[in-house]
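Good morning, colleagues. I would ask you to bring up the sequence and the model, and to keep both in view while I speak.

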Amino acid sequence: MIRQLVATPSVSSLQPALDQGNEAVCGLLAGWLEPLGFAVELRPVPGLPGKFNLLARAGAGPAEDALVVAGHTDTVPWDADRWHSDPFAGVVREGRLYGLGSADMKSFLAVAAHAAARLDLGRRQRPLLLLGTADEESGMGGARALVSAGESLGARALVGEPTGLVPVNRHKGVLMERIVLRGRTGHASAPAAGLNAIEGMLAVIAALHAWRDALAAELPDLGFPVPGPTLNLGAIRGGDNPNRICAECALDVDLRLVPGMTTTSARAGLRAAVTAALAGSGFTLDFEPLFAGIDPLAPGARRELAQACEHAAGHACAAVNFGTEGPLFQQLDMEVVICGPGEIAVAHQPDESIALAEAVRAVDLVEGVMRRFCAVRA
């Protein structure tokens, strides 16, 4: 099952030439789930042609009581010349299956379907919803569409991102912003006659670092592997010739947020810090959101799913640096836990892989959670 999913391309990319749909992956899942008794719906994602959310429901009871077992159906692009085997072949070496999306996170989709196959779904007195979302790797368009629809999906969501089967109930949020400075060009022999946007961007970078450091000093240590908010200067473009004063420069940044921050407040703070640093400088300043962002995941008041996952995994809930669709599911009033097979360290990398023994353990864990929250009718 993992091999079939890996062999079915479903790349999400902000570059249109690389972007693909996910209908074929959804078709595979539907073909496995419908014979088990699931009612499967493929729901088009508005504004994303060829992309669908898969919602597969089974069991009795009101929808708002459902256990949601969720994973995204897409992958990132790949560097073909850096793989040691075909990224779509699912080659197995020394107990690991190698393939694009094997860890992040097509293996979990197979795990969830296989776990559900072990249940007598017709006797479940609470519903089970297997959810496959679209476009997680680009803009989380699939999960955002579900939030916009506003319907109740369930009471609890187990999201199978790769955590090495350690349950996670805290992770960082993320936003991405482009900062554009426009100055005035001129001959390099007369610097004062122009307004160099590259030099202006140096002041921007210094202001961003000072703002990040002030944030980190204000926020408590919440046990993340990389403490506090982080700022990455990911790309910079400016100028066209050494003997011309640069009139325009653009900087793309990635900001990771910790609980206590929101994308709205962080974006406002970032823009305010940059604007203040350039006050009176003469530059024209523009901001462009590259990714609307997701808020951090923090534990809610309910802990039933967290406790069940901790018991099944033999590990207390932890915190991770990467982001997931979990905060979006929280907006639908669900308790959310992230727990799945694989390691994030191999995701988005050449030779991405998963230990098959861990996938087998994941089936047992997910089956146990399904049995716990979708009890059998007496």
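Met140 lies in the loop between strand 6 (128-133) and helix 4 (141-149); helices (H or I, at least four residues) and strands (E, at least two) are DSSP runs, numbered from the N terminus. This is a predicted model, in which local features need pLDDT of at least 70 and side-chain atom pairs count only at pLDDT 80 or more, while totals for chains, interfaces and linings use all residues. Residues are numbered from 1 along each chain as its sequence is written, and side-chain values use heavy atoms, with hydrogens and water left out.

To return to Met140, its phi is near 60°, a positive value in a residue other than glycine. Is Met140 buried or exposed? At 5% relative accessibility, Met140 counts as buried. The term buried means under 20% relative accessible area, exposed means over 50%, and partly exposed is in between, with a 1.4 Å probe and protein chains only.

Glu94 also has a positive phi, near 50°, and is a residue other than glycine. Glu94 is placed in the loop between strand 4 and strand 5 (96-98). With a relative accessible area of 85%, Glu94 is exposed.

One further backbone feature concerns the peptide bond between Asp104 and Met105, which is cis, with omega at about -10°.

Two packed helices are described by the angle between their axes and the distance between the axes. Here, axes are lines fitted to C-alpha atoms, for helices over the stretch in contact, and angles run from 0 to 180 degrees between N-to-C directions.

Helix 3 (residues 102-117) and helix 9 (residues 356-373) have axes that come within 8 Å and cross at roughly 50°. That makes helix 3 oblique to helix 9. For the cut-offs, angles under 35 degrees count as roughly parallel, over 145 as roughly antiparallel, 65 to 115 as roughly perpendicular, and the rest as oblique. The crossing of helix 3 and helix 9 is right-handed; a crossing is left-handed if the near helix is turned anticlockwise from the far one by less than a right angle, and right-handed if clockwise.

Which residues of helix 3 and helix 9 meet? From helix 3 they are Phe108, Val111, Ala112, His114, Ala115 and Ala116, and from helix 9 they are Ala359, Ala362, Val363, Val366, Glu367 and Met370. Contact means heavy atoms within 4.5 Å. By class, this contact of helix 3 with helix 9 has 10 nonpolar, 1 polar and 1 charged residues. In that division, Ala, Val, Leu, Ile, Met, Phe, Trp, Tyr, Cys and Pro count as nonpolar, Asp, Glu, Lys and Arg as charged, and the others, Gly among them, as polar.

Helix 9 also packs with helix 7 (residues 304-313), at an angle of about 140° and with the axes 10 Å apart. Helix 7 and helix 9 are therefore oblique to each other, and their crossing is right-handed. Helix 7 brings Glu304, Leu305, Ala308, Cys309, Ala312 and Ala313 to the contact, and helix 9 brings Leu365, Val369, Arg372 and Phe373. The residues of the contact of helix 7 with helix 9 divide into 8 nonpolar, no polar and 2 charged.

The next pair is helix 5 (residues 197-218) and helix 6 (residues 263-277), packed at an angle of about 135° with axes 9 Å apart. That makes helix 5 oblique to helix 6. The crossing of helix 5 and helix 6 is right-handed. By class, the contact of helix 5 with helix 6 has 10 nonpolar, 1 polar and no charged residues.

I turn now to the aromatic rings. A search of the whole structure finds 1 aromatic pair. The rings of Trp78 and Phe88 have centres 4.9 Å apart and planes at 90°, so the pair is edge-to-face. Rings of Phe, Tyr and Trp (its six-membered ring) pair if their centres lie within 6.5 Å; planes under 30 degrees apart count as stacked, over 60 as edge-to-face and the rest as tilted. Trp78 and Phe88 both lie in the loop between strand 3 (67-72) and strand 4 (91-93), so the pair ties together parts that are 10 residues apart in sequence. Trp78 counts as partly exposed, at 32% relative accessibility, whereas Phe88 counts as buried, at 19%.

Finally, Gly164 is placed in the loop between strand 7 (156-159) and strand 8 (168-171). With a relative accessible area of 29%, Gly164 is partly exposed. Leaving aside neighbours within four places in sequence, Gly164 is in contact with Gly340, Gly342 and Glu358.
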